[in-house]
There are 2 protein chains.
Amino acid sequence: MVDAVRRKVLVLCSGGVDSTTLLAKAVEEYGAQNVVALSISYGQKHLREIEAARAVAGHYGVEQRFLDLAAIFADSQCSLLAHSDEAIPQGAYAEQQAQADGSAVSTYVPFRNGLFLSSAASMALSLGCSVVYYGAHHDDWAGSAYPDCSPEFVDAMGSAIALGTGGDLRLEAPFVNASKGDIVREGLALGVPYELTWSCYEGGERPCGACATCLDRAAAFAANGADDPLLDR
Amino acid sequence: MVDAVRRKVLVLCSGGVDSTTLLAKAVEEYGAQNVVALSISYGQKHLREIEAARAVAGHYGVEQRFLDLAAIFADSQCSLLAHSDEAIPQGAYAEQQAQADGSAVSTYVPFRNGLFLSSAASMALSLGCSVVYYGAHHDDWAGSAYPDCSPEFVDAMGSAIALGTGGDLRLEAPFVNASKGDIVREGLALGVPYELTWSCYEGGERPCGACATCLDRAAAFAANGADDPLLDR
């Protein structure tokens, strides 16, 4: 049971597997009327993720908020961004890790998760929430090249949020030590409508099956002996 | 001298005394061509601060960036916001500290500084900066009611920024242990054009002289036996 202080939670929702499962968990723990789903555009090449987040929040009947923070990344050359000519790389995250010059991988959006968590904190406090739920998980940081997914980063942001709000808000990342396979297992038990979600970096009609996030997603369903409903449509 | 790694710095500029002095310091240390001034609207009741920031950056001839993050605070009731009907309180910060119910003072913008620092980090990295300069100072947190100005908060955000960018960016707050009087002393020595700055919470033709930030500013000039040029115009 949720204690009396946790009256309302804001969940950062990307429309993907992890945050959708987290939303389901929040609804179970807090009740749909006490959950706010926040989705953020950052100028990505397609809006499939945002459309998925909208569909998922609609499914659960929770309050929704949207933000467009694309202007902040106007000067970034990240390959996920609409204004970038760079192609999104194919292959697993692990293969993208080795950068000869030590620079960030092309799909790293500069400090995006720090920005998203700070925006979530500002909005959560404005809406009377006492908790921000964040779907970072083990596979995001182990074997990946994203520094803004590590447990140390989440801890530091959690401290900043607690200190910067005078203790009125706290950050929780319930999946930070779970694998994506663990998350899908929990989600299947919760009846998560994975057919409404979107993970692929590309914005096609169907997932490309070749980008890092498609490979991760497929492996997570396979680990549970389950089919990804998105591939059966 | 600035070491070779510190090639470019982004300064968060509000148009006030502290960040303008910090901008002057950055220009001296890095050279104007290696300084970016970032100013952020958050939906405040007037744009005097942003106009001042523009004038100051123009004076120093540095690159300028502007962001409008007002949408994030659409649900906040903070008295500084244009959509809030609440009056901005008068009197010193110290007097505003005692809230019978333990809630934040009406001029606290929810996690604003965390959001500003995260936005600055995302933009700084996009622009090839290796440092973010932040003008938080001692008087902001000692005797004030703003939790997002404390050294502990700045440290936590600094850790989050270092960790979340893989060490490519660091946060520096050179004034965090200085008083506003100390800052004005340094600024007077640097020839800062304080006549271009704006501090007052109100957006009048002249500073109101009664809000907390006006009182702080007046005391900082008085501590240096100097006149505030803004009051002489």
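Biologist: Hi! Which residue forms a salt bridge with D75(A)?

Modeller: R65(B) does, and the closest N and O atoms are 3.2 Å apart. A salt bridge here is a side-chain nitrogen of Lys or Arg within 4 Å of a carboxyl oxygen of Asp or Glu. Keep in mind that this is a predicted model: local features need pLDDT of at least 70, side-chain atom pairs count only at pLDDT 80 or more, and totals for chains, interfaces and linings use all residues. Residues are numbered from 1 along each chain as its sequence is written, chains are lettered from A in the order in which they are written, and side-chain values use heavy atoms, with hydrogens and water left out.

Biologist: Got it. How many salt bridges are there between chain B and chain A?

Modeller: The count between those two chains is 2. Over all chains, the structure holds 18.

Biologist: And what does K8(A) meet in a salt bridge?

Modeller: K8(A) pairs with the side chain of E63(A), at 3.9 Å from N to O. The pair links distant parts of the chain, with E63(A) in strand β3 (residues 63-68) of chain A and K8(A) in the segment before β1 (9-12), 55 residues apart. Helices (H or I, at least four residues) and strands (E, at least two) are DSSP runs, numbered from the N terminus.

Biologist: Back to the two chains. What is the area buried between chain B and chain A?

Modeller: About 2,700 Å², and carbon and sulfur atoms give 69% of that. Buried area is the accessible area (1.4 Å probe) that two parts lose on being put together, summed over both. I72(B), D75(B) and F111(B) supply 22% of the area that chain B buries against chain A, more than any other three residues.

Biologist: How many residues does the contact take from each chain?

Modeller: It takes 35 residues from chain B and 35 residues from chain A, where contact means heavy atoms within 4.5 Å.

Biologist: Nice. At what angle do helix α4 of chain A and helix α4 of chain B cross?

Modeller: Roughly 160 degrees, and the axes of the two helices (residues 112-126 in each chain) come within 8 Å. That makes α4(A) roughly antiparallel to α4(B). Axes are lines fitted to C-alpha atoms, for helices over the stretch in contact, and angles run from 0 to 180 degrees between N-to-C directions. Under 35 degrees counts as roughly parallel, over 145 as roughly antiparallel, 65 to 115 as roughly perpendicular and the rest as oblique.

Biologist: Which residues meet there?

Modeller: Among them are R112(A), L115(A) and S119(A) in α4(A), and R112(B), L115(B) and S119(B) in α4(B). The residues of this contact divide into 2 nonpolar, 8 polar and 2 charged. Ala, Val, Leu, Ile, Met, Phe, Trp, Tyr, Cys and Pro count as nonpolar, Asp, Glu, Lys and Arg as charged, and the others, Gly among them, as polar.

Biologist: What about α4(A) and α6(A), at what angle do they pack?

Modeller: About 30 degrees, with their axes 11 Å apart; α6(A) covers residues 151-164. The two are therefore roughly parallel to each other. N113(A), G114(A), L117(A), S118(A) and A121(A) of α4(A) make the contact with F153(A), M157(A) and I161(A) of α6(A). That set divides into 5 nonpolar, 3 polar and no charged.
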